[in-house]
Amino acid sequence: MKRRFIKTYLAVLFVLFVAVSVLFVKFAAATQVLKDNDISSDINFSIGKRRLRGDLWTTSVPSINYMSPGKGNLIGGIYEGVVKNMSTHSVKKWNLEITVTRPCYLNNAWNGFVEIYRNDGLLFQPKIDLKKARETDFSIPTIKNLNNILIPLEPGDRIIFEPYMGKFIPGKVQDVNSVYIGFIFYTEETSGLMRFDTWKINYQFEHAIFFHPLFYVFVVFYIVWLYFVASGFYFIAVKRSEEHDRKRDKLTIEQVIKVFTRFIDAKDFYTAGHSERVGRYSFKIAKEMGKSEDECMNAYYCGLLHDCGKIAVPDEIIAKPDKLTDEEYVLMQEHTIMGYAILKDLTLIPDASFAAFYHHERFDGAGYPNGLKGEEIPEIVRIVSVADVFDCMSRDRYYRKAFPLEAIIEDFKKNSGKQFDPVVLNAFFALAEKGEFNEILKK
Ligand SMILES: [Fe+2]
């Protein structure tokens, strides 16, 4: 039962572990989703013309004929953007997407690469570093104005800016949580300066999981889980150790008792092996009566020791082939009292002393030494009594031959409720019917 319990216990823990781990993986994945353009609280972005002297200039472009009117003056300007991480989580990676709202020319960008998509969504210019790019590096038409390479853009075109190394932006709990980026745009004089009304930032948090209260619920679960698993294994180790000790103790007791019973049996050649056989019969009867393993072993030990008082009876009386005198008979009967005196301190098998004391009591109260009746006699002793008489009758004695099993059963039936407990006898008869005694009777 205990083994099944511990197996179930560990199985439940394992299933819990798997189930919670699946939830944890889902939870961890859910906390790392890409968030688009969520400027409400997490990411703050602002971009506008830089306000330093010389950040705005005009240049004459007589040769440009790309857009209407295509001639005249262009206004060049440095536009600076700041990406600020307002959350407590670190931003793992990010990029900025700006949609151009007026005809313009992109000239430069720093601290990152740019990609350009047409307003139909098609890739127009693959990723390029404008600070280092030469005219031949472009896959789109460009215009050269003095030493500047200008990329003409139309309303609806999108610029994707991806930072070089500043992909990581710490959370606001740390010192630096801003990244600066910059562009140079040219616009036609008639269009005015650039406006950045349409933009978005794509970003992904790193380790957002640590800031989530649920994460700590999982941590607590795993700590508690580990505690329960460790307890389970500790329980198994303790049980194994106990079982090992129990087996060793059992073996020690059994061996010592067996040696002791051989001393008893050695007093009488004709009853040699009597104690061992009574022990075995008692075990079988107890088992047939539905007793537990421990109770059956108890019955076995009681059977082994029941006659130990004979050690104190003179050899000439024990082995006397003739009928005993009244005086001798009294001495013989005293083996029950002597047995009790010998065994009363054997607390490991407390019933053994009662088995020695009462195994000649009869169910009807006509036995000795105390004339106990019925259930006044301990049940285990009622079992040993049947086993004892069965062994006596099934063996040769000085004065008679062994009785066959059928005759013994017949005699027992007559004595049911008189000498013997009918319940114990029923178990005995059932065993006899199953042929359980055949093997032992042959020995
Ligand atoms: Fe006896």
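Asn 111 is placed in the loop between strand S6 (104–110) and strand S7 (112–117); strands (E, at least two residues) and helices (H or I, at least four) are DSSP runs, numbered from the N terminus. The model is a predicted one, in which local features need pLDDT of at least 70 and side-chain atom pairs count only at pLDDT 80 or more, whereas totals for chains, interfaces and linings use all residues. Residues are numbered from 1 along each chain as its sequence is written, and side-chain values use heavy atoms, with hydrogens and water left out.

The phi angle of Asn 111 is near 70 degrees, a positive value in a residue other than glycine. Most residues other than glycine have a negative phi, and most peptide bonds are trans. With a relative accessible area of 36%, Asn 111 is partly exposed; this class lies between buried (under 20%) and exposed (over 50%), as judged with a 1.4 Å probe on protein chains only. Thr 88, found in the loop between strand S4 (73–85) and strand S5 (90–99), is also partly exposed, at 31% relative accessibility. A cis peptide bond, with omega near 5 degrees, runs from Tyr 368 to Pro 369, and Pro 369 lies in the loop between H8 and H9.

The chain is divided into domain 1 (34–205) and domain 2 (267–442), with bounds that come from an automatic or database domain assignment. The C-alpha centres of domain 1 and domain 2 are 106 Å apart.

An iron ion has as its protein donors Asp 307 (OD), His 335 (NE2), His 359 (NE2) and His 360 (NE2), at 2.2 to 2.5 Å. Donors are N, O and S atoms within 2.8 Å of the metal (3.2 Å for Na, K and Ca); water is not among the atoms, so sites may look incomplete. The spacing of the donor residues in sequence is D-x27-H-x23-H-H. His 335 lies in helix H7 (residues 335–343) and His 359 in the loop between helix H8 (350–358) and helix H9 (379–393), so the pair ties together parts that are 24 residues apart in sequence. Both histidines are buried: His 335 has a relative accessible area of 2%, and His 359 is at 3%. The arrangement of the four donor atoms is irregular because they subtend angles of 80 to 163 degrees around the iron ion. Four donors count as tetrahedral if all angles lie between 85 and 135 degrees; four count as square planar and six as octahedral if opposite donors are over 155 degrees apart and all others between 65 and 115, and anything else is irregular.

Grid points are joined across faces, edges and corners, and a volume is the space filled by probe spheres set on the points. The largest pocket has a volume of about 1,000 Å³. Of the 35 residues that line this pocket, Met 332, His 360, Cys 392, Arg 397 and Tyr 399 lie nearest its centre. Helix H9 gives the most to the lining of the largest pocket, with five residues. Two cavities of 30 Å³ or more are counted, and the largest cavity has a volume of about 50 Å³.

Note on methods
1 Å grid on protein atoms, 1.4 Å probe; cavity = no way out; pocket = protein on both sides within 12 Å on 5 of 7 lines; lining within 4 Å.
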